[in-house]
Amino acid sequence: MKTLYTKSITVLMLCIAIFTTISCKKNAALCNYDEAPTGCAAGMDVAFLIDYTGSMGSAIDSIKSEVNTIVNTIMAESGGDYRLALGIFDEYPKRSGPSYTASPAYTALPAAQKKIITTGTNTDQHLTMMEKFAPANATSFSTQLSFLNNNPNMPMGWGINGPEPGDLLLNETLNNNFAGAWRSGNITRLAIIITDAPASGDDDNANATDDSFLQALATTANSMGVQCVLLTTFSGNTLYPANYQLQLIANNTGGSAVVAPTFSNISKDIISQIRNICSESKTAQRK
């Protein structure tokens with residue numbers, strides 16, 4: 001009986017070995033036990049930083065209408081290991097905002113998720129983190145997004161002149177854990193900035209000071225392994241430069257921008273940018 005049992009085990013082990021060899025030939029990745037996943041497959045932290053001034057209503061509504069497709073793309077690319085954050089920015093004359101100060105979605109947020117920049121001479125900038133990073137938080141992210149541009153939950157905010165303070169929200173997200181701490185390791189970290197205006201800091205103006213600030217943010221993002229993705233309709237004019245593109249994206253490793261005449265395809269553009277970045281990380285991993 002022992003001999004028969006030993007022979008049976010030997011035959012079984014031989015079959016397993018043959019099956020494994022055939023499987024590995026078909027898909028070598030299945031047998032590469034020592035190689036840990038990197039890039040998007042290793043996990044994703046994605047922060048959406050959205051201009052919340054009046055002209056952005058249609059862009060926000062478009063993102064809301066396709067949020068499931070956007071989130072499903074992130075879930076698929078990350079293998080389910082993802083964290084999402086949602087922040088908004090707008091500005092007002094000194095001590096006069098925000099327009100949504102009594103709205104339920106805003107009052108329900110912890111005080112630590114609401115920041116007011118008061119250093120400007122004539123304006124205050126309001127930065128709000130609607131959703132902080134949390135594991136696999138598709139449901140709560142979608143809920144918080146649904147409140148945007150939705151009276152009475154969260155009416156659209158204000159802007160004054162052309163430039164808007166998205167650079168200040170990016171700074172808080174990178175340097176001060178406003179969305180929570182970014183994860184370390186080989187994961188993909190994305191800061192997706194959506195705006196129709198140049199960056200303005202705390203003075204409602206796009207100038208050399210903002211250029212230097214954006215360059216410094218690019219350096220910080222590089223040190224953290226954060227890729228900045230810009231989606232905008234602003235390509236620059238005689239009054240203001242396209243400073244996100246020229247100073248932030250151009251100096252950010254892996255940074256990318258989509259400049260379109262309208263936001264009609266914004267959801268598709270977001271998905272395309274995410275897929276492109278994840279595809280590049282897969283190519284780099286194979287090399």
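This is a predicted model: local features need pLDDT of at least 70, side-chain atom pairs count only at pLDDT 80 or more; totals for chains, interfaces and linings use all residues.
Helix axes are lines fitted to C-alpha atoms over the stretch in contact, and angles run from 0 to 180 degrees between N-to-C directions.

**Confidence**

The protein chain has an average pLDDT of 90, and 85% of the residues reach at least 70.

Helix α6 spans residues 166-175 and helix α7 spans residues 208-224; their axes come within 10 Å and cross at roughly 30 degrees. Because angles under 35 degrees count as roughly parallel, α6 is roughly parallel to α7. The crossing of the two helices is left-handed.

On the α6 side, the contact is formed by Asp-167, Leu-168, Leu-170, Asn-171, Leu-174 and Asn-175. Their counterparts in α7 are Asp-210, Phe-213, Leu-214, Leu-217, Thr-220, Ala-221 and Met-224. By class, the residues of this contact comprise eight nonpolar, three polar and two charged.

**The sheet**

Seven strands make up an open sheet with mixed pairing, in the order β3-β4-β2-β1-β5-β6-β7. Strands β3 and β7 (256-259) lie at the edges, each pairing on one side only. From one strand to the next, the twist averages 15 degrees.

Helix α3, covering residues 67-78, packs on the sheet and touches β1 (39-51) and β2 (82-93). The direction of α3 makes about 155 degrees with that of β1. Since angles over 145 degrees count as roughly antiparallel, the value of about 155 degrees places α3 and β1 in that class.

| Strand pair | Residues | Sense | Bridges |
|---|---|---|---|
| β3 and β4 | 114-117 and 123-131 | antiparallel | four bridges |
| β5 and β6 | 187-195 and 226-232 | parallel | seven bridges |

Strands β3 and β4 form a hairpin, with five residues between them. Within this pairing, Lys-114 has Thr-128 of β4 as its bridge partner.

Methods:
Residues are numbered from 1 along each chain as its sequence is written. Side-chain values use heavy atoms; hydrogens and water are left out. Angles under 35 degrees count as roughly parallel, over 145 as roughly antiparallel, 65 to 115 as roughly perpendicular and the rest as oblique. A crossing is left-handed if the near helix is turned anticlockwise from the far one by less than a right angle, and right-handed if clockwise. Contact means heavy atoms within 4.5 Å. Ala, Val, Leu, Ile, Met, Phe, Trp, Tyr, Cys and Pro count as nonpolar, Asp, Glu, Lys and Arg as charged, and the others, Gly among them, as polar. Two strands pair if DSSP finds at least two bridges between them. pLDDT is the predictor's confidence in each residue, from 0 to 100.
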